[in-house]
Amino acid sequence: MGISPRTSSETPESQPGSATGQVDRPARKMAGEVVISVRGLRMAYGDFEAVRGIDLEIRHGEIFAFLGPNGAGKTTTVEILEGYRARSAGDVSVLGEDPGRADRDWRARVGVVLQESQVEPELTVRECLQLYAGYYPSPRAVDETIALVELAEKADARCGHLSGGQQRRVDVALALIGDPDLVFLDEPTTGFDPSARRAAWEVIEGLRRLGKTIFLTTHYMEEAEYLADRIAVLAVGQIVSEGTPQTLGGRDRGGSEIRFALPTGTERAQLPDGLGPNTEHAGRQVLVRTAEPVRALHVLSEWALAHGYRLDDISVGRPTLEEIYLRLTGAQQ
Amino acid sequence: MSATAHAAPRPLGGLVLHQFRYELLAFWRNPQARFFTLALPVIFLVLLSSVFGNDTTRIGGHVVKQSTYYVGHIVALGVISASFVNLMIAITTQRESGILKRRRAAPISAWVLITGRALSSVVISVAIVVLLIVVGRLAYGVSLPGHTLPALAVAVVLGSAAFCALAFGLASFVASADAAQPVTQAVVLPLYFISGIFIPDKNIPGWLIDVADVFPVRHLAKAMFTSFDPATHGVGFSGRDLLVVAGWGVAGLVVALWRFSWVPRSK
């Protein structure tokens, strides 16, 4: 049956449990199926090539995060995938069809949250959803969708009177009302305060539980880290790295980082041997990159104990996703 | 993917009515649209008829009371406000705020959205014309002969549809939501003046009338006034004027097909 015609008694939370009795759930049926496939995508505006050969493959049920600085070609790529924009070259298949020639049946299966769009200011939240529900062959129940984005108590408020974060949630509800298989979320939490962002993440997590495939663009590394199964980083029209939040940019293979300040009265030359060749200095700050953090720490602490240095500010960790991202995009700028 | 995703398609007429209902609701909830579309034409009629209504003017070789003249011409302003002015502003604002772009993402044909929108303008046009006729009748004793009523109804519907089409065509030339109101007024106000809406024909130099005759405003006003003109004895159907208005509507449609944009232009 898809997750299309549901009764209003079914809440999103009950979905995983109630799913057992349903045979034909797309979440099961299409697991692993390629939802978006892109080969050699290029897009030029006059002499300027915004997208310079992109390959992507996104499977059913994934949350895929597309990162990149402004002007990297993110929005152009997303708009091509959404069917808003023609492309210069390349093969694109979204839900098995070329979005450039997609028909209404295809549109009914795709939900879109645009980067900048207001909601109809004169209509209430419920009216707005009823309007859009009328466009789809088998929409979700209106009140249930409002509850899913946690706007139940605002259902009868005019959209124009809602806060920015609440309007964005109406946007998400509108993208879901047609019960799509694939949802594009273009910077869905830009301008949110931290608690509103948390709430939005929970809504997006809820979409994952409904079995939706999600294509997310964002500026926020912690958002990608929290939500994404897979991340691709775009810089100057090309994908410079792709991986999970844990493996992106060799994060898992780049080893650990030990940071500390040179103790007072010591010089670089006095540091012990055995810290490894990847030692960087910035003023009196020392950064040691190592694949064997325990060994390096051992050498360092032996040296410090022998000389009575305290190394009060020492820290050990992986590079943050943000550092990886800046490294990846910075190299291309 | 699932079979039920292709459930019975809704009949197109039902979708147009669905769109129409919500367009009308949104219009009714917007105080600015309500004022400019419904109140302003009545204010113009009351001001002009109160100041000049008892005078007479000559039109087409016979004498007419100016209050009759104004009711017969301000109705055209009402139709143009409800269709052209209202739509120019609404389309530009909705385009720039991304509402059109998101609607385009829905599995619905552009014609449903456009027809639903235009239908709401036609209905609002009918409402403002009825309101103006009632005010003209009660306040100034201007009567509308029953035998010319069908011709007036045709003029209202055809005029409204044509000016909607013009708005769909011209909205693509307005770059931002802020510019929509001033640009639209800059288009219609001079045309109102030279087309005899505010100033009786008799007082406008012939060469200006010739200029006005190129545009659709004067032709719509003439077609509508014919229904109020006591000298009209037949059905009052002004075919040539309506043909010019329709021609402009078709031109607007052609421009719309060529240039209409669902995505913001200012980005």
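Buried means under 20% relative accessible area, exposed over 50% and partly exposed in between, with a 1.4 Å probe and protein chains only. With that in hand, welcome to a predicted model, in which local features need pLDDT of at least 70, side-chain atom pairs count only at pLDDT 80 or more, and totals for chains, interfaces and linings use all residues. Residues are numbered from 1 along each chain as its sequence is written, chains are lettered from A and ligands numbered from 1 in the order in which they are written, and side-chain values use heavy atoms, leaving out hydrogens and water. Helices (H or I, at least four residues) and strands (E, at least two) are DSSP runs, numbered from the N terminus.

**Chain A at a glance**

- Chain A holds 11 helices and 13 strands.
- Of its 333 residues, 52% are buried.
- Chain A exposes about 14,600 Å², with carbon and sulfur atoms supplying 48% of that area; accessible areas come from the Shrake-Rupley method with a 1.4 Å probe, and for residues only the protein chains shown count as cover.
- Take the contacts (heavy atoms within 4.5 Å) in chain A between residues at least 6 apart in sequence: 68% of them join residues at least 24 apart.

**Helix H10 of chain B**

- H10(B) covers residues 239–259, which is 21 residues, and spans 30 Å from first C-alpha to last, close to the 30 Å expected at 1.5 Å a residue; the expected span is 1.5 Å times one less than the number of residues.
- Its buried residues are Asp241(B), Leu242(B), Val245(B), Gly249(B), Gly252(B) and Ala256(B).
- On the face turned away from the buried side you will find the exposed residues Arg240(B), Leu243(B), Val250(B), Val254(B), Leu257(B) and Trp258(B).

**The three-stranded sheet of chain A**

- Three strands form an open sheet in the order E2-E1-E4 (chain A), with antiparallel pairing; two strands pair if DSSP finds at least two bridges between them.
- At the edges are E2 (48–59) and E4 (89–94) of chain A, each pairing on one side only.
- Neighbouring strands of this sheet are turned by 15 degrees against each other on average, direction ignored.
- E1(A), residues 34–45, pairs with E4(A) in the antiparallel sense over five bridges, and Arg39(A) has Asp91(A) in E4(A) as its bridge partner.
- Helix H3(A), residues 74–82, packs on the sheet by touching E1, E2 and E4 of chain A, and its direction makes about 125 degrees with that of E1(A); axes are lines fitted to C-alpha atoms, for helices over the stretch in contact, and angles run from 0 to 180 degrees between N-to-C directions.

- E3(A) runs parallel to E7(A), residues 213–218, joined by five bridges, and Phe64(A) stands opposite Phe215(A).
- E3(A) also pairs in the parallel sense with E8(A), residues 230–235, over four bridges, with Phe66(A) opposite Ala232(A).
- E8(A) in turn pairs antiparallel with E9(A), residues 238–243, over five bridges, and Ala232(A) has Glu242(A) as its bridge partner there.
- The hairpin of E8(A) and E9(A) has two residues between the strands, and Val236(A) takes a positive phi near 45 degrees in it.

**Tyr325 of chain A**

- Tyr325(A) lies in helix H11(A), residues 321–330, and is buried, with a relative accessible area of 10%.
- Leaving aside residues up to four places away in sequence, Tyr325(A) touches Leu67(A), Gly68(A), Pro69(A), Met221(A), Val233(A) and Gly330(A).

**The four-stranded sheet of chain A**

- A second topic is the open sheet of four strands, ordered E11-E12-E10-E13 (chain A), with antiparallel pairing.
- Its edge strands are E11 (279–282) and E13 (315–317) of chain A.
- E11(A) pairs with E12(A), residues 285–290, over four bridges, and Glu280(A) stands opposite Leu287(A).
- Helix H10(A), residues 293–307, lies across E10 (256–261), E12 and E13 of chain A, running at about 20 degrees to E10(A).
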